[in-house]
Amino acid sequence: MNATIINAFEALRKLRVEQGEPYRARAYERAINALRNHPTQIQSAEEARMIPGIGESLASKIDELFRTGSVSELQMARPLEELEKERVLKLFESVEGVGPVTANRWYAAGYRRLEDVPVSSLTATQRLGIELHSDLVQRIPRDEFLEDDRILHQCLDPLGIQFVIAGSYRRGKETSGDIDVLVINRPNTDVISTVIQCPIFTHQLGRREKKFLGIGKIRNTYRRIDIELAEPHEYPFAIVYFTGPATFNEKMRSHAKQYSLRLNEKGLYDAQGNSYPAQTEQDVFAMLGLQYLTPEERDKY
C-alpha cells in the first residue's frame, strides 16, 4: 500500500507543478520522502496522520485510496489510459537492466505484464531481473543488513580487508532498497575478487576496475548488492559520498563551489586541480567550514 500511496502522491505532485503551485508540490515531495522512509506498511489513513509531513489534506487522499483504490482528482485530471501506461512503465523499469527506452519499447509492442515479454528478447541481466523480481523489489529490513555485515566481517576481517556498509543503512534507516559496500583497496591485491568470494554473493551483473554490481542471497531472499572500491586517501571523501543521501551530497558540493572548490567521492580540489588531503570524514566537513553531522543527521540537512 505504501508504494500505491507514493505513486499517487507523485502523480499529484506533478499535477501541482503543472498547475503552477510549487508550494503544494513540495508538500507532496516531503510526504513521499516520509513514506519511503516509513518502516512498515500503512494500514489506515489514521496511521498515516501520525507520520511527520502528512497533514489532514494529504491524509484525506490516503483515506480515499483505501476506500476506492484511486484518487478522484487524478482520475479527472488524467486519462485512465495515461495512468495505466505510467503504471506499466514503472513495472518494467523496476526490472534489473531495464531503462526507459526498453520499457517504452515493450509497452509499444503490447506487453503489459512481465510474463508477456518473450524470453528470447531478454538480455541475461533482464532474464535474471524478471526471475528474481519479487525478491529484488522488496525493501531490505535493517536486521538483514546486520546479518550481511556479520557475514562480511567473518569473511574479510581475517584477510585484513576493511569495509563499511554505506547508504541509508549507515544513516540508521530501518529499510533500504539495496546494499552498498564501500571497501578500502589494498596494494597487490584483487580486492573485489576477494570480497565476492564471501558466500552471500550469487550473481554478477557488471564489473569495472573499482565497482562491482551484483546480487546476493541473505536469509533465502535475493538482494541487490554493490561494491565500491576506494583508495585509502580517497576513503574519507568516499564514505561521505556513499553514505548520502543524494540531496545532502548536492548541498555539500554546492557549498564547496562557493569557495571555488570541487568536491566528489575521490577528493576535494581547487581550481588548479590541487587536492586537499583528509584522514577522516570529520576532516572533510572541517575543510569546508561545516559542523560535522552524523550519518543519522544528514537526511535532515
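1. Strand β7 (residues 221-230) is covered on both faces. On one side Thr221, Arg223, Ile225, Ile227 and Leu229 are buried, and on the other Tyr222, Arg224, Asp226, Glu228 and Ala230 are buried. By count, 10 of the 10 residues of β7 are buried. Buried means under 20% relative accessible area, exposed over 50%, and partly exposed in between, with a 1.4 Å probe and protein chains only. Strands are DSSP runs of E with at least two residues, helices are runs of H or I with at least four, and both are numbered from the N terminus.

2. The model is predicted: local features need pLDDT of at least 70 and side-chain atom pairs count only at pLDDT 80 or more, while totals for chains, interfaces and linings use all residues. Residues are numbered from 1 along each chain as its sequence is written, and side-chain values use heavy atoms, with hydrogens and water left out.

3. β7 belongs to an open sheet of five strands with mixed pairing, in the order β2-β4-β7-β6-β5. The edges are β2 (163-165) and β5 (201-208); each has a single partner strand, so one side of each is left without a neighbour in the sheet. Neighbouring strands are turned by 20° against each other on average, direction ignored. Two strands pair if DSSP finds at least two bridges between them.

4. On one side of β7 in the strand order is β4. The two strands run parallel and are joined by six bridges, with isoleucine 179 opposite isoleucine 225 in β7.

5. β6 and β7 run antiparallel and are joined by eight bridges. Phenylalanine 212 stands opposite isoleucine 227 in β7. The hairpin of β6 and β7 has two residues between the strands, and arginine 219 takes a positive phi near 55° there.

6. β5 and β6 (residues 211-218) are also antiparallel, with six bridges. Here phenylalanine 201 stands opposite glycine 216 in β6.

7. Helix α13 (residues 235-243) lies across β2, β4 (179-184) and β7, running at about 175° to β4. Axes are lines fitted to C-alpha atoms, for helices over the stretch in contact, and angles run from 0 to 180 degrees between N-to-C directions. Contact means heavy atoms within 4.5 Å.

8. For the whole protein, the secondary structure comes to 15 helices and nine strands. Buried residues make up 44% of the 301 residues. Among contacts between residues at least 6 apart in sequence, 53% join residues at least 24 apart. The C-alpha atoms fill a box of roughly 60 × 50 × 35 Å along the principal axes.
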